[in-house]
Amino acid sequence: MFSTRHVLFVIAIATLSLVACADQVPTAEPLELPAEAQEVPSSVEPDVAVSRDPDRPVTLDIYSYQHVRIFANLKLETLEQEKTWCDEQPEVAELRGMLNDYEAEDVWRSLLIPAGEQDLAAVRIVAEATADARGIPMQELPPVFLISRTSLRHYACLTDEVWEDESDEDEDWTIGRPASHLALLIGQDVEDYGNKEQSWLSATLYWGWYGEIEDADELEPGEDGVGQVVIVSAAPMPAAFVGTISHELVHFLQDQWTDWRLHDWYRDSQTTDELEALRWVVEGDATLNELYADVSPLLELLADIEWGPDEHSEYDLWYRAYGALSPEDSANLYAAYEQGSDALAALRAEHGQSAIDELLLDPPESSEQLIHAEKFDSDEQPFNLRDLARLRAEIFTAVEWDEPIVDRMGEQWLSSLIRVASKRPDIARKASTGWGSDQMALWQSEDGETEVVTWQIVFDTPKEHREGVSGLRRWFYSHTANEAEPVYANMLSWDGPSGSARLITRPNAVWLVASDDPDIADEVAADIRSTTWTHYWSRP
C-alpha cells in the first residue's frame with residue numbers, strides 16, 4: 001500500500017496501482033564493491049566507511065553524500081544490465097506489444113494465475129486459522145492469484161511504459177515531497193538514480209500483497225472492490241508461503257473490521273509522520289498475527305496439501321532486488337513490520353487484542369505514540385508549530401515565492417536519519433526521544449530558478465533539546481563526510497556538489513536550511529539566526 005511518489009525518501013513505496021503489502025523478509029547480503037570503487041575518499045575515515053579485512057568481501061555503508069554517489073553508480077550499472085536483460089527476453093517484447101492495444105492493468109492481469117485447487121485449499125485452511133488467531137470472523141475468502149517472480153520481473157521491464165503518467169504532476173501530492181527535494185539538495189539521493197529506477201529494480205522485492213483491483217468482479221470470485229491476495233510464486237506454492245498468505249489475509253480482515261479500503265486510508269494521510277503511524281498499525285498488526293506452516297494445529301491441517309518446492313520462491317532474484325535498497329531505505333521500509341509489531345505486541349499484552357482493534361478504527365497521528373507506550377497512554381500529541389506564517393511574512397515574501405509545501409516527518413524518520421548516517425543506534429535513540437514536533441517546508445521561487453527546504457524540529461524538554469542538537473550535529477558531520485564547518489557557535493555550514501546546507505541551533509529548536517543557491521541558504525539561515533523564536537508552539 002505504497003505510492004511511487006514517496007520513493008525518493010523511502011523505497012517502501014511501490015506502485016499505487018498494486019498497493020503492495022510486502023511480507024517480512026530476511027536481511028540481505030552485504031553489498032560487494034568492484035575494485036575501482038574500493039578507494040575511500042581522503043575526507044572519509046577508513047575505519048568507519050569501507051571494510052578492509054582481506055578475508056571478508058568489501059562492503060559499503062551509505063552514510064555520507066560521497067558514498068551515496070558510489071552506491072548510485074553501482075546501481076546504475078546494475079540497472080543497465082537489467083535493461084539489457086529485458087531487451088533480450090521474448091516475453092518482454094510480447095508484453096510491450098500488448099501495451100499498444102491494452103491498458104497496463106490488462107497486461108498486469110494477464111500475468112496473474114488464479115490459485116489452483118491444492119493452493120486454494122491451503123489458503124482456505126490458513127485463512128480460517130488466521131481469522132481464528134486474529135479474532136475477526138472472515139466473511140468470505142478473497143480472490144487469490146499467483147504470479148511467478150520471473151513474470152513480475154518481466155512486468156518490471158515495462159517501467160517506463162507502465163509508470164509514465166503525464167497527469168501525475170508534482171502539484172498532486174505533498175507527503176514526502178519536501179524530504180525528496182531535501183535529499184537531492186544535500187546529496188542523499190541522486191537524480192539519475194531516482195524513483196523510477198529504484199522502483200524498476202525493486203519491483204521483484206515482494207513476496208505477496210493484498211490490495212484492490214478495479215472491477216474485481218471480473219476476477220471471480222469476489223465482488224467489485226473486494227481486495228485481492230497476490231502471492232509471488234509459481235504454482236504450486238511452497239510451504240514457506242504460509243506466513244505470507246497469513247500476513248496478507250490479516251490485511252483482508254482489517255478491511256472487513258474497519259469497513260475501509262486501505263487504499264483510501266493511505267491516501268487520506270496528511271503527513272509522512274501520520275502515514276508512518278498508519279503503516280505501523282496496519283503492517284505491525286499483520287506481522288504480529290501471521291502464522292507459519294509449523295504452527296500446531298495448522299501443521300496437521302496442512303499435512304495432506306501438496307506444496308511446491310522452495311525453488312519456486314526464486315530467492316536469488318529477491319536478493320538481487322533487495323540489494324537495490326540503501327540502508328536508510330531498508331530501515332524505513334521494515335520499521336513498520338519489525339518495530340510496529342513490537343509496539344502492538346506490547347499494547348496487546350497491556351490492554352488485550354481489543355486495543356489493536358480500536359487502534360485500527362482510530363489510528364494515532366504520530367509515530368511517537370507507537371514508539372513510546374507512555375505517550376500513547378497519555379494521548380500526547382505533537383506540538384502545533386506556528387512559525388510558517390512568520391517565515392512567509394518575514395523571509396519568504398509572497399511576491400517572490402510560491403506557497404510552500406509542508407510536511408511533518410516524525411520521530412521515527414528522525415531516528416532513522418541519524419542512525420543510518422552516524423551508525424550509532426544509541427545516539428539516534430537519544431536524539432529522537434523527546435521529539436516534540438517538526439515542520440519541513442519546500443519553498444520554490446516564482447521564477448522556478450531557486451528552491452529552499454527549511455526543517456524546524458522542537459523537543460519536549462531542555463535536556464532532550466540538547467540531546468537532539470548533539471544527534472543532529474553528529475548526523476550533519478557524518479553525512480557531509482566531516483566537511484561541515486562551524487561558521488558560528490550555533491551554526492554549521494556545508495556547500496556540497498548538489499546544494500548547500502546550514503544547521504542552526506536555537507534555544508528552543510533546531511533548524512536545517514538547504515538550497516540550490518548558497519547565497520540564498522546563507523540569507524535564510526541569517527534571518528533564522530537573528531529572529532527571536534519564543535513561545536511559538538503549543539500542545540493541541
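A residue is called buried when its relative accessible area is under 20%, exposed when it is over 50%, and partly exposed in between, using a 1.4 Å probe and protein chains only.

The structure is a predicted model, in which local features need pLDDT of at least 70 and side-chain atom pairs count only at pLDDT 80 or more, while totals for chains, interfaces and linings use all residues. Residues are numbered from 1 along each chain as its sequence is written, and side-chain values use heavy atoms, with hydrogens and water left out.

Let me begin with the chain as a whole. Of its 540 residues, 58% count as buried. The protein chain has 23 helices and 13 strands; these are DSSP runs numbered from the N terminus, helices being H or I with at least four residues and strands E with at least two. Contact here means heavy atoms within 4.5 Å. Among contacts between residues at least 6 apart in sequence, 74% join residues at least 24 apart.

I turn to the aromatic rings. A pair of aromatic rings is described by the distance of the centres and the angle of the planes. Rings of Phe, Tyr and Trp (its six-membered ring) pair if their centres lie within 6.5 Å; planes under 30 degrees apart are stacked, over 60 edge-to-face, and the rest tilted. The structure holds 11 aromatic pairs. In one of them, Tyr 206 and Trp 209 have ring centres 6.0 Å apart and planes at 85 degrees, so this pair is edge-to-face. Tyr 206 counts as buried because its relative accessibility is 7%, and Trp 209 counts as buried because its value is 3%.

How are the rings of Tyr 210 and Phe 252 placed? Their centres are 5.8 Å apart and their planes stand at 65 degrees, so they too form an edge-to-face pair. This pair links distant parts of the chain, with Tyr 210 in strand β3 (residues 208–211) and Phe 252 in helix α10 (residues 242–258), 42 residues apart. Tyr 210 is buried, at a relative accessible area of 2%; Phe 252 is buried as well, at 3%. Ring pairs also join Trp 108, Tyr 155, Tyr 206 and Trp 209 into a cluster.

Charges over rings come next. A charge sits over a ring if NZ of Lys or CZ of Arg is within 6 Å of the ring centre and within 35 degrees of the ring normal. Arg 149 lies over the face of Trp 207, 4.6 Å from the ring centre. Arg 529 lies over the face of Tyr 488, at 3.9 Å from the ring centre.

Now to a pair of helices. Helix α20 (residues 411–422) packs with helix α21 (residues 425–432) at an angle of about 145 degrees, their axes being 8 Å apart. Axes are lines fitted to C-alpha atoms, for helices over the stretch in contact, and angles run from 0 to 180 degrees between N-to-C directions. Among the residues that make the contact are Leu 414 and Ile 418 of α20 and Ile 427 and Ala 428 of α21.

I close with two individual residues. Gly 436, in strand β7 (residues 435–444), is buried, with a relative accessible area of 0%. Gly 436 and His 465 are 29 residues apart in sequence and 9.4 Å apart in space, C-alpha to C-alpha. Where is Gln 89 placed? Gln 89 is in the loop between α2 (65–88) and α3 (90–98), and is buried at 17% relative accessible area.
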